[in-house]
Amino acid sequence: MIYLAYGSNMLTERLKERVSSANKLRTIRLPGYRFEVCKRSDDGSGKCNIIRHPNSEVHGVLFRMNRNDLPALDEAEGAGHGYVRKALKVKIDGRKRSVAVYFAAPGYRDPALVPYDWYFDLVVAGARQHGLPKYYFSKLARINSMPDPKPDRKTAREARVVLAKHKLSLP
């Protein structure tokens, strides 16, 4: 199966720690969608989401993964607890293909939310790693983040390990 990552899972090392069978296929431009950090997380911060928007586009990374690893990805993404996994038709090499993508569930969107710095470092590192267009990378880099009030949070520690382990720390 093919999965479209547009947030912290764009960073290959982050995704592979969650789903070992994931392998990058290519980057993709998804017209008609807008990137936002508006999904309410259990920790009170904002997480990435995409919404339909006619004059926008989102860039992301397509990964091929084993279908039997989908439950692990659903668990990592919180499917059913804030995110909904849907099949989305995208054009890949001139052909329409169905890919799995996660959207914020209704009732979990709040445009006033801000991501924690460690989380957004993963997003920006993934965009850098895969060479997303400079204008898009610059757009991501301008999004404000905030320090995590619980810097020893398990997910924050895991993010720092992934970034440091792969020398992807951001300045």
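**Exercise 1.** Is Cys-38 buried or exposed?

*Solution.* The structure is a predicted model, in which local features need pLDDT of at least 70, side-chain atom pairs count only at pLDDT 80 or more, and totals for chains, interfaces and linings use all residues. Residues are numbered from 1 along each chain as its sequence is written, and side-chain values use heavy atoms, with hydrogens and water left out. Buried means under 20% relative accessible area, exposed over 50%, and partly exposed in between (1.4 Å probe, protein chains only). Cys-38 has 2% relative accessibility, so Cys-38 counts as buried.

**Exercise 2.** Find how many disulfides the whole structure has.

*Solution.* A disulfide is a pair of cysteine sulfur atoms within 2.5 Å. The search of the whole structure gives zero. For Cys-38, the nearest cysteine sulfur belongs to Cys-48 and is 9.1 Å away, and Cys-38 is in no disulfide. Cys-48 is in no disulfide either. Cys-48 is buried, at a relative accessible area of 1%.

**Exercise 3.** Describe how strands S2 and S3 are joined.

*Solution.* Strands (E, at least two residues) and helices (H or I, at least four) are DSSP runs, numbered from the N terminus. Two strands pair if DSSP finds at least two bridges between them. S2 covers residues 23-40 and S3 residues 46-64; they run antiparallel, with 15 bridges.
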